[in-house]
Amino acid sequence: MELKGLHHVSAITANAKNNYEFYTKVLGMRLVKKSVNQDDTSMYHLFYADEAGNPGTDLTFFEIPRAGHTYPGNNSISLTSLRVKDDEALAYWEDRFNEYEVVHEGIIEQFGRNVLYFRDPEDQRLALVSDETNQGVAGGTPWEQSPVPQEQGIIGLGPSKLTVPQAERTVQVLTNILGFRKVGSYDSPGGGDIQVFATGEGGTGAEIHVEEREGLPKERPGRGSVHHVAFRVEDEQELAQWAEKIKQARFPNSGLVDRYYFKSLYFREPNGVLFELATDGPGFATDEDIEHLGETVALPPFLENKRAEIEAKLEPLDTTRNR
């Protein structure tokens, strides 16, 4: 058993319409699924990814309209990064962010790669990472109908950074339970080192970065915070093996959960960060034609009989321009 890399990251927005505008119009990602949170069907669950929603390219958002500000701190997923093809693409994005008045910090070198830190309109902490030197897991293919040229488009998820008060507790789970390996470190702006761990083929699409910050208060999540990070598992059979391994390690967990587009298992590591293991399939084209992904509210079969009730509670979100 070996995790293949990052599967998806799920975050929180307070405004689905504005979120859709930014991630499709400014970042040029494709909305591949407009659904609802299966645990609370009163909120949208929006999925942005490459042309087909391939595993490892997917950034998702739960809409919580009354969500307050995030107060950043410990015990959190404190950064989500997105991959672009090369340094030339990264330079394109710096110009684009200037054009669209996106808050950013300029291109820097970090862990042997060029990186561009930026924020979305709700202060989601993000970075673009150049794949110029990447020799690990391959990225996806940007959507050809994106407002961003394919050569400069986002090709998938890059490393997620965890900020925790006791790094060793998280590291033990990553290495001893999940099979990650340490591949290096780099300086933290807050002092000390940020440790880098990789799984599978490694590279930008298969890394977790761990920052230890003992003096920070615990993060108070809201709009602009990250709910969980998910890792790729080959199939349901392998997911069952992971479930048994996590159970034997005495971590409370969700057991196998059917998300229809993939099967999942959730558990929290000792610093409180929520991890998900998710299968690569069956994928987002299961219930929609690939040419029309994300245009209508998609519900798994076990919620279809409640469609009228669910849609009545949702603020209409016009995604017909997603075509």
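This is a predicted model: local features need pLDDT of at least 70, side-chain atom pairs count only at pLDDT 80 or more; totals for chains, interfaces and linings use all residues.

Residues are numbered from 1 along each chain as its sequence is written, and side-chain values use heavy atoms, with hydrogens and water left out.

Let me begin with the open spaces. On a 1 Å grid over the protein atoms alone, a pocket is an open set of points with protein on both sides within 12 Å along at least five of seven lines, a cavity is a set where a 1.4 Å probe fits but cannot get out, and lining residues have an atom within 4 Å of a point. Points are joined across faces, edges and corners, and a volume is the space filled by probe spheres set on them.

The largest pocket holds about 440 Å³ of space. It has 21 lining residues, and those closest to its centre are Ser-78, Tyr-117, Arg-119, Arg-125 and Lys-161. At least two lining residues come from each of β5 (76-84), β6 (104-110), β7 (113-119), β8 (125-130) and β9 (154-164), with β6 giving the largest share, four residues; strands here are DSSP runs of E, at least two residues long, and helices are runs of H or I, at least four, numbered from the N terminus. By class, this lining has nine nonpolar, six polar and six charged residues, where Ala, Val, Leu, Ile, Met, Phe, Trp, Tyr, Cys and Pro count as nonpolar, Asp, Glu, Lys and Arg as charged, and the others, Gly among them, as polar.

The second largest pocket, at about 290 Å³, is lined by 20 residues, with Ala-16, Tyr-44, Glu-63, Pro-65 and Glu-315 nearest its centre. Two or more of its lining residues come from each of α1 and β3 (40-49), and the lining divides into nine nonpolar, two polar and nine charged residues.

Helix α1 spans residues 16-26, and Ala-16 is also among its buried residues, together with Asn-19, Tyr-20, Phe-22, Tyr-23, Thr-24 and Val-26; buried means under 20% relative accessible area, exposed over 50%, and partly exposed in between, with a 1.4 Å probe and protein chains only. After α1 comes Gly-28, which has a positive phi, near 75 degrees.

The largest cavity, about 110 Å³, is lined by 14 residues, with Gln-110, Val-129, Pro-159, Tyr-186 and His-209 nearest its centre. The second largest cavity has about 70 Å³ of space, and its lining includes His-7, Asp-58, Tyr-261 and Phe-284.

Tyr-261 brings us to the rings. There are 15 aromatic pairs in the structure, a pair being rings of Phe, Tyr or Trp (its six-membered ring) with centres within 6.5 Å, and with planes under 30 degrees apart called stacked, over 60 edge-to-face and the rest tilted. Tyr-260 and Tyr-261 make an edge-to-face pair, 5.2 Å centre to centre with 65 degrees between the planes. Tyr-260 counts as partly exposed because its relative accessibility is 22%, whereas Tyr-261 is buried, at 3%. Elsewhere, ring pairs join Phe-180, Phe-231, Phe-251, Phe-267 and Phe-275 into a cluster.
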